[in-house]
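Q: Could you take a close look at one part of this protein with me? I'm new to reading structures, so please go step by step.

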Amino acid sequence: HGPWKQVSVGAGFTCAISKSDQSVYCWGLNDSGQLGRPTNPSAPTEANKSPVKVLGIPERVVEISAGATSVCAVTASSNLYCWGGNSDGQLGNDTTTASASPETVTALLRNTKSVSVGSRTACAVTLTGASFCWGNGASGILGNGASLNSRTPVQVTGLSSGVSQVSVGQSHACAIHNGAAKCWGSGAFGALGNGLSETSTVAVNVTNLASGVTRISAGSGYTCALKGTAPLCWGENRSGEIGDGTS
């Protein structure tokens, strides 16, 4: 099915966009329908050791993001489709029912620029530069001032325009807003980068990253960003995640 245009790894499964037909193919674990279709009618949750085409996306796909048990895909028409596990509403379709078929996120119809899927939470950037999140809301990871789950996208407070990228980690999320790094959710280990270890249900400024940030990635208790050619990291460092030669 290759060569491949993009690949994204979830928890025990992988999805990729094929350059040849610009469709999504997934392989590996399928216990929540994360492969995008039942691979065996008699055993619909059986794992698949080779790529299978995700059915039900009627247009070419330009970006994918895999989480713990779910996947979201952005299409050329700026539509957003999600499938797989949905225990906390992370498919964004106003249900908590898992789906082996891609479901349209109707709230972001023809208005999705990019997407990031975390453990049980997903966030997207719209064509107008706003950031929306949905799914598990623990520790304020939805960024809307609350810590409740949402089965449909809710806007991140203060990020109604100017967002170029969003990244969802284990229990916090970060975005680039007008060139500045901002994070929200669990502040454990200093993952929000604001000098504190407290949870924030709204986006806070990352210290010393008020401009020039081009990429950001939120992990499990830590975050890294790219400013110019310099990678900068903060948060948990028990295994040397920060990359400064210490733990």
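This is a predicted model: local features need pLDDT of at least 70, side-chain atom pairs count only at pLDDT 80 or more; totals for chains, interfaces and linings use all residues.

Leaving aside its neighbours within four places in sequence, which residues is glutamate 198 in contact with?

A: Glutamate 198 touches Gly185, Gly187 and Leu192, once its neighbours within four places in sequence are set aside. To find glutamate 198 in the structure, look at the loop between β15 (180–185) and β16 (200–205). Is this residue buried or exposed? Exposed means over 50% relative accessible area, and glutamate 198 has 53% relative accessibility, so it counts as exposed. For a sense of scale, pick out serine 50, which is 148 residues away along the chain: the C-alpha atoms of serine 50 and glutamate 198 are separated by 43 Å.

Now turn to strand β15, which covers residues 180–185. Cysteine 183 is joined by a disulfide to cysteine 174, with an S to S distance of 2.1 Å. This link is right-handed, with 105° about the S-S bond. Cysteine 174 is buried because its relative accessible area is 0%, and cysteine 183 is buried with a value of 0% as well.

This bond is one of five disulfides in the structure. Counting bonded cysteines along the chain, the pairing pattern is 1-2, 3-4, 5-6, 7-8, 9-10. Another of the disulfides joins cysteine 224 and cysteine 233, whose sulfur atoms are 2.1 Å apart. Here cysteine 224 is partly exposed, at 23% relative accessible area, and cysteine 233 counts as partly exposed at 24%.

Key:
Residues are numbered from 1 along each chain as its sequence is written. Side-chain values use heavy atoms; hydrogens and water are left out. Helices (H or I, at least four residues) and strands (E, at least two) are DSSP runs, numbered from the N terminus. Buried means under 20% relative accessible area, exposed over 50%, partly exposed in between (1.4 Å probe, protein chains only). Contact means heavy atoms within 4.5 Å. A disulfide is a pair of cysteine sulfur atoms within 2.5 Å.
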